[in-house]
Amino acid sequence: MPEESELEVRERLTRLWMGAEPAVRAFVFASVQSFQDAEDVVQKVALAVARRFEEYDSSRSFQAWAIWLAKSRVIDHYRVHGREKLVFSEQLLDRLAESLVTRQSELSARAVALERCIEKLPAKSRKLLEARYEDDHSMDTIAGNLNSTAASVRVMLHRIRNLLAECIEGELRKETI
Amino acid sequence: MTEEHERRQLDRLLDGDLSESERQETLASLEQNPEAVDWLAERAILHASLRCSMRRRGLERDVTPTAPMLRTHSRRWVTGLAVAASAVIVMALFSFWLAADGDSVAWITSVSADDETRFQIGDQLEVGRRIEIETGQIVIEFQNGAITTLTGPCVFEIESATQAFLERGRVHTLAERPEAKGFTIRTLRGRVVDLGTEFVTSVAKDGHNRVDVTSGEVVVHLSGSTAQHHVRRGEMLAIEPGERQVTVRIERGDETPEFRFATIEPPSREDYADASRGIASVSLREGELSVHSSNRLADSGPVENLLDGVAQRGADVPNDSVFFRNGVEGSFLLDLGTAISVRKVNCYTWHQNGAFPENRVRAVQKFTVWGFAADDLPEGEPSAEAGWVCIARVNTDAYFQVGNPLERPAQQASSIEALHGQLGPFRYLLFAVEPTPSLGRSGIPNHTFFGEIDVYAGH
């Protein structure tokens, strides 16, 4: 088998990474609660994936390998930030990784469905999502801005996420019919 | 916990919105429930996707507020954006990859605190590169996969793809990958060679060197000696200024009155200093014990408890313990009667409040042990100039990497031995005790509950 050129290696890495990135991102966002920190960790995982790509055994799942690297970066993140403790045990991280790997095939379709579902939300709900996910506001800050309480904001966000999850399932069912 | 309540809590977990106790409860529930882990995985996908989507929508609003074509979320467009988002990272990967020229042997993977302006993630480090930081942390990954975390103040130099020199400060090394085996941290006093492990090397201003092994094993080669010293998980090798080579082993106990540890023996009536032998005595050199409370049950026991052959009977028994009054500097002085060859010194502590799990502040061992050989003790602070020998410095919080009280073992033992032969011929041993890092109700640092000190004589 002819050896891959550097360009071919890069193309292969790009393709594999784009397929694995949503699951890696979900894994990191579940394990590291601050958006900013989680995004830094995802970037570090991407760097590690590129640097160590030659170690990747192509007979195995790239996504599982990338999540394995992500696990090390998450543990490093907590080690560097000394006083914070790792939120999940290593066993729980492994189980979360396994669960995400089994969902790989549907992640792209889910991302597309999510966009459609966000459009269906009432403006008020979208504003709440903007405050939480775009502006990175805490429950207390959002509550202050809405003259509401943090408990109420929590409930509203939970319901919006439930609605989105149901909507995404509906959209995916439509596609399979 | 109902399923709906559990799911609400998992949403809050993802939001970083749970209190510590709620988080512990939620994690405990997750450990028991594989279906909840699956639900969390799905929710994490939604959570991460929402972050991407809402951020992107915000950018779209800011950059092209009236662009109608971007309002139409066709599948092709959305997929295109997703590809673009991933491609941004991939482009970053390639620029990093291509920038890694032949001279660099390591790179910076994380920067925190004050040094972010001088160092950037992805900076390539070549042989001879010196890194000096006053505060914060920098993580450096070497080509062989060894990951070093520098904590300021620290002066560190890259010597090769597999070796670095620590002039001063603290470096944590994680060398899990097989290729990282053999990674070496060099100091002026010797070299620490990894055998597949995790260890912390530190060099103090006064030249005190220390290696703590968290897992696995390292080999220490001391300068001017051909001998090798294996330091294993749970052991600490300290090299005091001068030529004394001392190991300090620190272990957590089984939290029973039997004080059982992995390798350190329990408190003993057979040691040289035990009160039953009638040779040694113990007194306060400095400070006062905490015996002024209105509640006698909360008072320290007498200092003689330290040599009575047993430690505390329970986790929170002040009268069985010996502890200084809050806020004072204190030291215990052991008089061994005559100068003897001291082979080993063990120290035991235990404290855990029964009602409040986080109240286990008084088990930490933080002290310096000094030895003095002659009969006539000098006045004043112990110092090398006055003839004292600094035997070892013990800090169990640093060893256990305690960030909050719940990470601190409630029952602890430290065991100090010479690497070869004896710690020294000493008549007196002085334990200069530092307070715990926790403040009492009055805001003054409180002190450790010491249970027993055992001194073993050499032959």
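Reader: Is A:Ala150 buried or exposed?

Author: A:Ala150 counts as buried, because its relative accessibility is 13%. Buried means under 20% relative accessible area, exposed means over 50%, and partly exposed lies in between, with a 1.4 Å probe and protein chains only. This is a predicted model, in which local features need pLDDT of at least 70 and side-chain atom pairs count only at pLDDT 80 or more, whereas totals for chains, interfaces and linings use all residues. Residues are numbered from 1 along each chain as its sequence is written, chains are lettered from A and ligands numbered from 1 in the order in which they are written, and side-chain values use heavy atoms, with hydrogens and water left out.

Reader: Where does A:Ala150 lie?

Author: A:Ala150 lies in helix α8 of chain A, residues 150–176. Helices (H or I, at least four residues) and strands (E, at least two) are DSSP runs, numbered from the N terminus.

Reader: And what is A:Ala150 in contact with, leaving aside its neighbours within four places in sequence?

Author: With those neighbours left aside, A:Ala150 is in contact with A:Met139, A:Asp140 and A:Ala143; contact means heavy atoms within 4.5 Å. A:Asp140 is 10 residues from A:Ala150 in sequence, and their C-alpha atoms are 5.1 Å apart.

Reader: How many helices and strands are there in chain A?

Author: Chain A has eight helices and zero strands. Buried residues make up 50% of its 177 residues. Among its contacts between residues at least 6 apart in sequence, 62% join residues at least 24 apart.

Reader: Which residues are buried in helix α6 of chain A?

Author: In α6(A), residues 123–134, the buried ones are A:Ser125, A:Leu128, A:Leu129, A:Glu130, A:Ala131, A:Arg132, A:Tyr133 and A:Glu134. A:Asp136 follows α6(A) and has a positive phi, near 60°.

Reader: How do helices α1 and α4 of chain A cross?

Author: The axes of α1(A), residues 6–31, and α4(A), residues 90–101, come within 10 Å and cross at roughly 150°. Axes are lines fitted to C-alpha atoms, for helices over the stretch in contact, with angles running from 0 to 180 degrees between N-to-C directions. The two helices are therefore roughly antiparallel to each other; angles over 145 degrees count as roughly antiparallel, under 35 as roughly parallel, 65 to 115 as roughly perpendicular and the rest as oblique.

Reader: Which residues meet there?

Author: A:Ala23, A:Ala26, A:Phe27, A:Ala30 and A:Ser31 of α1(A) meet A:Leu93, A:Leu96, A:Ala97 and A:Leu100 of α4(A). This contact divides into eight nonpolar residues, one polar and no charged. Ala, Val, Leu, Ile, Met, Phe, Trp, Tyr, Cys and Pro count as nonpolar, Asp, Glu, Lys and Arg as charged, and the others, Gly among them, as polar.

Reader: What about the largest nonpolar core?

Author: The largest nonpolar core has 78 residues, and those with the most contacts inside it are A:Phe27, A:Val28, A:Phe88, A:Leu164 and B:Leu30. Another core, of 41 residues, lies apart from it and includes B:Phe367, B:Phe400, B:Ala418 and B:Phe431. A nonpolar core is a set of buried Ala, Val, Leu, Ile, Met, Phe, Trp, Tyr and Cys residues joined through side-chain atoms within 4.5 Å.

Reader: Turning to chain B, how many helices and strands are there?

Author: Chain B has five helices and 21 strands. Of its 459 residues, 53% count as buried.

Reader: How do helices α1 and α2 of chain B cross?

Author: The axes of α1(B), residues 3–14, and α2(B), residues 20–32, come within 10 Å and cross at roughly 115°. Their contact comprises four nonpolar, three polar and four charged residues.

Reader: Now B:Leu307: where is it found?

Author: B:Leu307 is found in the loop between β15 (281–286) and β16 of chain B. B:Leu307 is buried, with a relative accessible area of 3%. Its C-alpha atom is separated by 8.4 Å from that of B:Ala280, 27 residues apart along the chain.

Reader: And where is B:Ser331?

Author: B:Ser331 lies in strand β16 of chain B, residues 330–350, and counts as buried at 3% relative accessibility. Beyond its neighbours within four places in sequence, B:Ser331 has contacts that include B:Ser283, B:Phe324 and B:Phe431.
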